[in-house]
Amino acid sequence: MATTSSFFNQLNKRYIFPVIEEKLSQTKRKYPNQEILNLGVGDINHTLEPSIAKAICNAGNEMEQNVIGYGSSLGLDDLRKEIENVYYNDLSITKDEIFISDGINSDITNILDLFAPNSKLAIITPAYPVYLDNAIISGRITPNEDGSFDNLLFIECSEENNFSPHPPNEKVDIIYLCSPQNPCGTAIKKTALKLWVDYAIKHKAIILFDAAYEAFIRSSDVAHSIYEIERARNVAIEFRSLSKSAGFSGLRLGYTIIPHSLHLPLNSLWTTRLEIKSNGVSFPIQKAAIAALMPNSMEKQRLQIDKYLSYTKKIKTTLKNHGQIVYGGDDSIYLWWKIPEGYTDWDFFDLLLNKLYLIAIPGSGFGKGGSDFVRLSCFINEETCNTLLMRLTKFLPTLKSEEALCTTN
């Protein structure tokens, strides 16, 4: 008799982003005449750059004129070479260490297929919930009644360590790191990242480095790639995406770097996995990615990212000027807003929704250590930014009375 996997039953809550989408739909029905400001899900807020859209159309025309069937499971050689030239030429990464996929989400979960089932994981927390949820449903970790997991070590990112995770004292095998970090909006400095590389070398561990938000880095002491750190090629796999930088969240394209110099033969294993389980990414989408990596397109992307960062800075400044505690936003478009005393994160979420008509994300959706915060995603336009600033300016001076009311109740 066929049975379902019991591992799915071990998830203790729903995935946070569909819950937020449902809340947004409910709010729109409840307040049909109000403009709901969505700073929840971290999605783009601009149209596709014309040269990218044109590349998709041209690829379709090419497929009309010529037979183009299955491509390489690893990705188009031209695209892999372009990624090498644009991002990794100075880091000694070559195209045969670059693998094209339909986005980071797929690769950063599927990569665990390459490791022994009893490998001990370390996951930063709070963090993108996919890291933990995938480890649960794949049966790699087992939850305990106290909220801990067998075969898993949580690495805390908190106010106490300036949201910069430190290597543990005990040995682990696989380490999930993200910089700039989702949800905290902070970035790991080069000096701190070197500690992780040194740790991985010492313990023969592998770092899974989520660099989805690399394009937002502006600080000189933050690495755009983990391979800027000496010997990282021996212990780190890097994941990147065009979703946030080039507007590919609806197109789906990312890439993963697996160096030949790793102390495990993961490059060849990943090649085998893709050849068995993937027929590659859509030809038009890969052609669009090549167009996105052209200098003119990348300059437009940078200007758009600068706009996102300017909106983030304005919102952070307004919050801090009214006495709020908020982190992130320097090398990221995520703000990590500490909720006032007396609220839970879901209470504060409801308050923002009903008073400001603002969608945020309760921090507990990102796991342990997130319940004292809400995340604001500043993928917005100028009009939304100005509307939010106006609402915040009116709302924040009254927040203390709301806090007192909540506390006394």
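This is a predicted model: local features need pLDDT of at least 70, side-chain atom pairs count only at pLDDT 80 or more; totals for chains, interfaces and linings use all residues.
Local features are taken where pLDDT is at least 70 and side-chain atom pairs where pLDDT is 80 or more, while totals for chains, interfaces and linings use all residues. Residue numbers start from 1 along each chain as its sequence is written, and side-chain values rest on heavy atoms, with hydrogens and water left out.

A pair of aromatic rings is described by the distance of the centres and the angle of the planes. Here, rings of Phe, Tyr and Trp (its six-membered ring) pair if their centres lie within 6.5 Å; planes under 30 degrees apart are stacked, those over 60 are edge-to-face, and the rest are tilted. The whole structure holds 21 aromatic pairs. One of these is edge-to-face and joins tyrosine 308 to phenylalanine 379, with 5.0 Å centre to centre and 80° between the planes. The two residues are 71 residues apart: tyrosine 308 belongs to helix H10 (residues 295–321), and phenylalanine 379 to the loop between strand E15 (373–377) and helix H12 (382–395). Helices (H or I, at least four residues) and strands (E, at least two) are DSSP runs, numbered from the N terminus.

Are these two residues buried or exposed? Tyrosine 308 is buried because its relative accessibility is 0%, and phenylalanine 379 is buried because its value is 3%. Buried means under 20% relative accessible area, exposed over 50%, and partly exposed in between (1.4 Å probe, protein chains only). Elsewhere, ring pairs link Phe163, Tyr327, Trp336, Phe366 and Phe373 into a cluster.

Rings also meet charges. A charge sits over a ring if NZ of Lys or CZ of Arg is within 6 Å of the ring centre and within 35 degrees of the ring normal. The charged end of arginine 80 is placed this way over phenylalanine 99, 5.7 Å from the ring centre. Arginine 240 lies over the face of tyrosine 87, at 4.9 Å from the centre of that ring.

Turning to the backbone, most residues other than glycine have a negative phi, and most peptide bonds are trans. The bond from threonine 125 to proline 126 is cis, with omega near 0°; proline 126 is in the loop between strand E3 (121–125) and helix H5 (130–137). Asparagine 182 and proline 183 are also joined by a cis peptide bond, with omega about 25°, and proline 183 is in the loop between strand E7 (174–178) and helix H6 (190–203).

Asparagine 151 has a positive phi of about 70° and is found between strand E5 (149–150) and strand E6 (152–156). Asparagine 151 is partly exposed because its relative accessible area is 27%. Asparagine 162, with a positive phi of about 55°, is in the loop between E6 and E7. Asparagine 162 is exposed because its relative accessible area is 62%.
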